[in-house]
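Here are my notes on this model, as numbered points. Please read them with the structure open.

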Amino acid sequence: MEDNFVPLFAFASNLEFFGVFPECKSFVQNNIRLGEIVELPEGRGFAVVLGVGLLEFATNLSVLLSRFAAEGPFTHVVLAGICGAYPGRGVNVGDVVRVDSEIVGDLGVVECDGSFTPWHKVGATSVYESSSLRGVPAWLSNLKPIAGLSVNCCTGTASMAKERSENFNVDVESMEGAACFSICHAFGIPCYEIRAVSNFATTRDKSTWRIPEALAALRAAFTSF
């Protein structure tokens, strides 16, 4: 690991944390508490679980960075986890990607005819971006770059998937990315997002989800450092 790159891997859930770093089960009992930092073996950095969804993740990340940003043991935040991919965007289940931009997808207004107008079309900008890749390790910089949508309510129909991907021109959907980018930038700490695709964000059918396989792919991506 580069001397000036000490990552804090931020997960939304214990499922994702233990799926990527199963070796931590030997010294972490059951689940780690939200916001509790775990030092990874072999000097690979640190990890933390911050909660699922924009609000819980944002709250716990803000508290953590308030305590550690200036003198913390880490230099960069890497949000890691699983996501859904919108159909027809060239991203497949099992792919590991780097999300370079995020938009809050369900921020907007419902018009009187029932249609949804995204917030950026009302007049405000809500695009959040990752930090410069200068100086980051190859396992991060070499990943396929894509655009993400952060939502509070996951897509459950094909029509919603089409509307969201076309409205925002994005490839994948998750629930924390925009919060991570916004808060890390506010605290002046470099941040990135890596996701493994576990399913397509379309008509909800959990029988097609491949969460263990996606976590295995994410774990494999991290074994190179």
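1. The side chains of arginine 44 and glutamate 23 meet in a salt bridge, 3.2 Å from N to O. A salt bridge here is a side-chain nitrogen of Lys or Arg within 4 Å of a carboxyl oxygen of Asp or Glu. Arginine 44 sits in the loop between strand 2 and strand 3, and glutamate 23 in the loop between helix 1 (14-20) and strand 2, so the pair ties together parts that are 21 residues apart in sequence. Arginine 44 is buried at 12% relative accessibility. Glutamate 23 is partly exposed at 30%. Buried means under 20% relative accessible area, exposed over 50%, and partly exposed in between (1.4 Å probe, protein chains only). Helices (H or I, at least four residues) and strands (E, at least two) are DSSP runs, numbered from the N terminus.

2. A word on the basis. This is a predicted model: local features need pLDDT of at least 70, side-chain atom pairs count only at pLDDT 80 or more, and totals for chains, interfaces and linings use all residues. Residues are numbered from 1 along each chain as its sequence is written, and side-chain values use heavy atoms, with hydrogens and water left out.

3. The salt bridges come to eight. One of them joins arginine 33 to glutamate 36, with the closest N and O atoms 4.0 Å apart. Arginine 33 is exposed at 60% relative accessible area; glutamate 36 is partly exposed at 28%. Elsewhere, Glu176, Glu193 and Arg195 are linked in a salt-bridge network.

4. Now helix 5 (residues 158-168). Which of its residues are buried? They are Ala161, Arg164, Ser165 and Phe168. Seen down the helix axis, these buried residues fall within an arc of 90 degrees, so they line one face of helix 5. The arc is taken from the directions from the helix axis to the C-beta atoms. Their cover includes strand 5 (96-104), strand 7 (116-118), helix 3 (119-122), strand 9 (144-150) and strand 10 (172-174). Contact means heavy atoms within 4.5 Å.

5. The face of helix 5 turned away from the buried side carries exposed Ser159 and Glu166. Glutamate 166 has 53% relative accessibility. Lysine 162 forms a salt bridge with glutamate 166, the closest N and O atoms being 3.1 Å apart. Both lie in helix 5, four residues apart, about one turn of the helix.

6. Check two backbone angles. Most residues other than glycine have a negative phi. Asparagine 169 is exposed at 54%. Glutamate 42 also has a positive phi, about 60 degrees, and lies in the loop between strand 2 (38-39) and strand 3 (46-49). Glutamate 42 is exposed at 76%.

7. There are ten aromatic pairs. Rings of Phe, Tyr and Trp (its six-membered ring) pair if their centres lie within 6.5 Å; planes under 30 degrees apart count as stacked, over 60 as edge-to-face and the rest as tilted. Tryptophan 139 and phenylalanine 222 form an edge-to-face pair, 5.6 Å centre to centre with 80 degrees between the planes. Tryptophan 139 lies in helix 4 (residues 138-141) and phenylalanine 222 in helix 7 (residues 211-222), so the pair ties together parts 83 residues apart in sequence. Both are buried. Phe5, Phe9, Phe11, Phe17, Phe18, Phe21, Trp139 and Phe222 form one aromatic cluster.
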